[in-house]
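This report describes the arrangement of a protein model, from strand pairing to domain and chain contacts. The sequence and structure are shown first.

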Amino acid sequence: MAKKILIVGGGLAGTIVANGLCRQLGKELRANEVNITMLGNDERHMYQPGLLYVPFGRIREKELFRDQTSVLDRRVNFQIDPATKIDAQSKTVTTDSGKTYEADYLVIATGSRLRPDTVPGMVEGAHWLYDLPGARKMREALEAFDGGKIVINVNAPHKCPMAPLETTFMLHDFLAERGLGDKSEIMYTYPIGRLHSLEPVGHWTAGQFEKLGIKSETFFNAKSIDPEKKIIYSEEESEVDYDLLITIPPHNGAEVITDSDLGAGGWVPTDRESLLHEGTTDVFVCGDTTNLPISKAGSTAHFEADTIIDNLVSLVNEGCMARKYDGKVFCFIETGLKEGTYVWFNYTTPPNPGPPGQMLHWFKLAYNRLYWLSARGLL
Amino acid sequence: MGNRTLIDAKGAFCPGPLMELIAGLKLVEIGDEIEVLSTDEGSAMDIPAWVDKVKHETVGIDQEGEVWHIVVKKMK
């Protein structure tokens with residue numbers, strides 16, 4: 001009887017796992033010893049990091065999307081039928097259409113979502129670029145902006161830890177290009193006692209902010225926003241006024257995870273090395289939806305997926321796991337509209353970003369196109 | 001007495017132990033506790049400093065070898 005591998009989620013994590021499994025299990029797929037099914041909720045695959053460029057008019061929207069079927073190996077049985085209930089013990093998934101899928105191996109890759117509704121006043125008063133409707137609205141607001149105070153307010157938890165800084169630096173250059181630099185003030189707020197969770201990035205940012213005249217307030221977690229008075233209030237009992245508010249809203253995991261009692265906030269308890277859902281031997285968790293104390297980033301999803309692919313292939317063929325995930329994360333950082341740098345780290349190697357340069361910015365722009373090769377498992 | 005949740009943030013550089021705590025406190029009830037495990041020496045100061053600012057309670061800080069155990073109670 002064919003071994004059934006079921007992947008819940010059609011984002012980057014699930015797609016890399018599906019494609020990687022097809023590459024390594026070709027013989028088994030041909031012999032019908034294995035079949036691979038993916039449950040997604042959209043016929044299109046979106047390149048999420050591209051959203052950063054939308055409010056600044058630096059990318060066309062169509063560049064963000066490809067048909068999921070063109071990104072996915074044709075041997076994957078792809079169903080646009082979102083999961084509504086996941087039973088990790090029985091490895092059974094119920095979907096929107098009422099179908100039930102059973103699996104021998106389950107991969108939960110359901111991603112994360114924005115929750116601006118959890119902060120009173122945020123939906124009414126703030127802009128964000130972390131989804132397409134938000135990025136479009138932010139583009140319109142920036143087009144209409146003719147000077148004043150812009151506050152960039154970062155909340156925990158969120159995906160793509162570099163995007164808030166990238167937004168800030170790109171905004172600085174954007175305002176300067178439009179002749180609004182002298183008529184504008186940028187202020188950045190961050191939840192902890194420095195400007196970024198990574199200490200070296202925080203130190204470097206402090207120097208950059210001083211050079212560029214960007215103000216900041218740390219230990220600031222949004223409690224509520226008054227869209228009429230244009231004031232954001234913090235849990236730390238501070239308040240900041242604004243003319244335009246850009247926020248990185250707090251995130252949760254997918255609703256199906258909480259509906260299935262798989263993890264508070266939608267974050268699935270996951271072993272940091274095996275990437276198995278805690279208490280299971282054949283349910284893997286990949287990407288944003290893990291509860292791991294690690295960056296929620298595309299590169300994390302990619303490196304986790306590589307580990308899960310090797311482990312699943314080994315389980316199918318040899319009945320044992322192959323290797324452990326070492327916690328690797330790699331992030332580009334756009335330090336303006338023309339320069340960039342990168343940082344990488346894992347569970348045992350601390351981060352050490354290099355100085356920004358034009359070459360790395362161009363490489364990031366190239367990666368915006370090369371991403372599709374990553375998703376297809378070719379890069 | 002409330003429930004206690006464990007956040008194992010040993011070797012966590014990003015988002016780091018304090019950010020994990022801030023996120024974790026959003027998911028528990030008033031009266032619950034969160035125990036953060038951290039290998040980052042700065043956490044033993046950063047976490048109580050923030051907890052004090054937002055008027056939660058630092059229940060205890062212990063060090064076992066390279067690991068700090070920091071217990072925080074959600075008060076509001």
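**A three-stranded sheet**

Two strands are taken to pair if DSSP finds at least two bridges between them; strands are DSSP runs (E, at least two residues), numbered from the N terminus. In chain A, β14, β15 and β16 form, in that order, an open sheet with antiparallel pairing. Because β14 (222-226) and β16 (239-241) of chain A are the edge strands, each with a single partner strand, one side of each lacks a neighbour in the sheet.

The antiparallel strands β14(A) and β15 (residues 231-234) of chain A are joined by four bridges. A:Asp226 lies opposite A:Ile231 in β15(A).

**Basis of the model**

The model is predicted: local features need pLDDT of at least 70 and side-chain atom pairs pLDDT 80 or more, while totals for chains, interfaces and linings use all residues. Residues are numbered from 1 along each chain as its sequence is written, and chains are lettered from A and ligands numbered from 1 in the order in which they are written.

**Domains of chain A**

Chain A comprises domain 1 (3-111 + 254-328) and domain 2 (115-250), with bounds from an automatic or database domain assignment. Their centres, taken over C-alpha atoms, are 31 Å apart. Domain 1 of chain A gives 11 residues to the contact and domain 2 of chain A gives 16, where contact requires C-beta atoms, placed from the backbone, within 7 Å.

**Contact between chains**

Between the chains, the contact takes 25 residues from chain A and 21 residues from chain B.

Technical notes
Two residues are in contact if their C-beta atoms, placed from the backbone, lie within 7 Å.
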